[in-house]
Amino acid sequence: MAWESPLTIDAAVRSLPTGELQDLPDGATVSVLEAAQKMIAISDNTATDLLIRALGRDAVLAAMLEMGHGDPALNTPLLTTREYFWLGWGDADLRERWAAGDTAERTALLADVPAGVPDTDDVDWSVPAWESGVDWFATPADVARAHTALQEKATTSAGAPLREILSANPGAAMGPAWTYVGFKGGSAAGVLAGTWYLERNDGTPVILTLLARSSDHTVFADPTAIYAHAQDAARLLEAG
């Protein structure tokens, strides 16, 4: 695909916030570049699902494997964010079937995910879906390898926009010593993640990854307090 290729929003791909693209009408289009920018900078869920649909689950999983994920079976079949909301909070029966199913059963289960998105008025968002195996799973080493692979792709002509995409939102102030800050964060009930790719004028790039989970969704009520640990680490590492 090309960065300027158009992606069309419709009911089949529209997800829940966070994001902005879910508010656009059916038939509206955005480019691959715009979707990628919003996916990274503001965790736009509809942008994510647009890209998964355009590329295909198999291609995304293949890229995960190529980047060195240690156990891609944990993310097979790959969920879209819309499916994630349905399995995690929209249908308790689907969540229980997912928790008990093997890869083949989980793949078949996705055909039973209802159209559209769950009615948010009836959702108990305090339920930690990750405990039922509903999420996207990675270790800090997996995330570090993904950062490295993306930065390598950014040195190619096709991957040139990646540096700007990944650094649009720094996530937290990391200090003036860092001349480049790539970041991606995410959260859900009982889950908080933040990961930074940091460069200074001299020295080897540093990757900081913070992954936290809890059965108590209130633990991460203030993400900035958790991200402060990464800021402390960045300050300690400033001198190289």
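Are Phe 85 and Trp 89 buried or exposed? Both are buried (under 20% relative accessible area, with exposed over 50% and partly exposed in between, using a 1.4 Å probe and protein chains only).

I note that this is a predicted model, where local features need pLDDT of at least 70, side-chain atom pairs count only at pLDDT 80 or more, and totals for chains, interfaces and linings use all residues. Residues are numbered from 1 along each chain as its sequence is written, and side-chain values use heavy atoms, leaving out hydrogens and water.

I searched the whole structure and got 10 aromatic pairs. Rings of Phe, Tyr and Trp (its six-membered ring) pair if their centres lie within 6.5 Å; planes under 30 degrees apart are stacked, over 60 edge-to-face, the rest tilted. The ring centres of Phe 85 and Trp 89 are 6.3 Å apart with planes at 45 degrees, so I logged that pair as tilted. Both residues sit in helix α4 (residues 81-90), four residues apart, about one turn of the helix. Helices (H or I, at least four residues) and strands (E, at least two) are DSSP runs, numbered from the N terminus.

Next I checked Trp 196 and Tyr 227: centres 5.2 Å apart and planes at 85 degrees, so this pair is edge-to-face. Trp 196 is in strand β4 (residues 191-199) and Tyr 227 in helix α9 (residues 223-237), so the pair ties together parts 31 residues apart in sequence. Trp 196 and Tyr 227 are buried.

I also found a cluster: ring pairs link Tyr 84, Phe 85, Trp 89, Trp 125 and Trp 136.

Last, I looked at where α4 meets α5: Leu 87, Gly 88, Trp 89 and Gly 90 in α4 contact Ala 92, Leu 94, Arg 95 and Trp 98 in α5 (heavy atoms within 4.5 Å).
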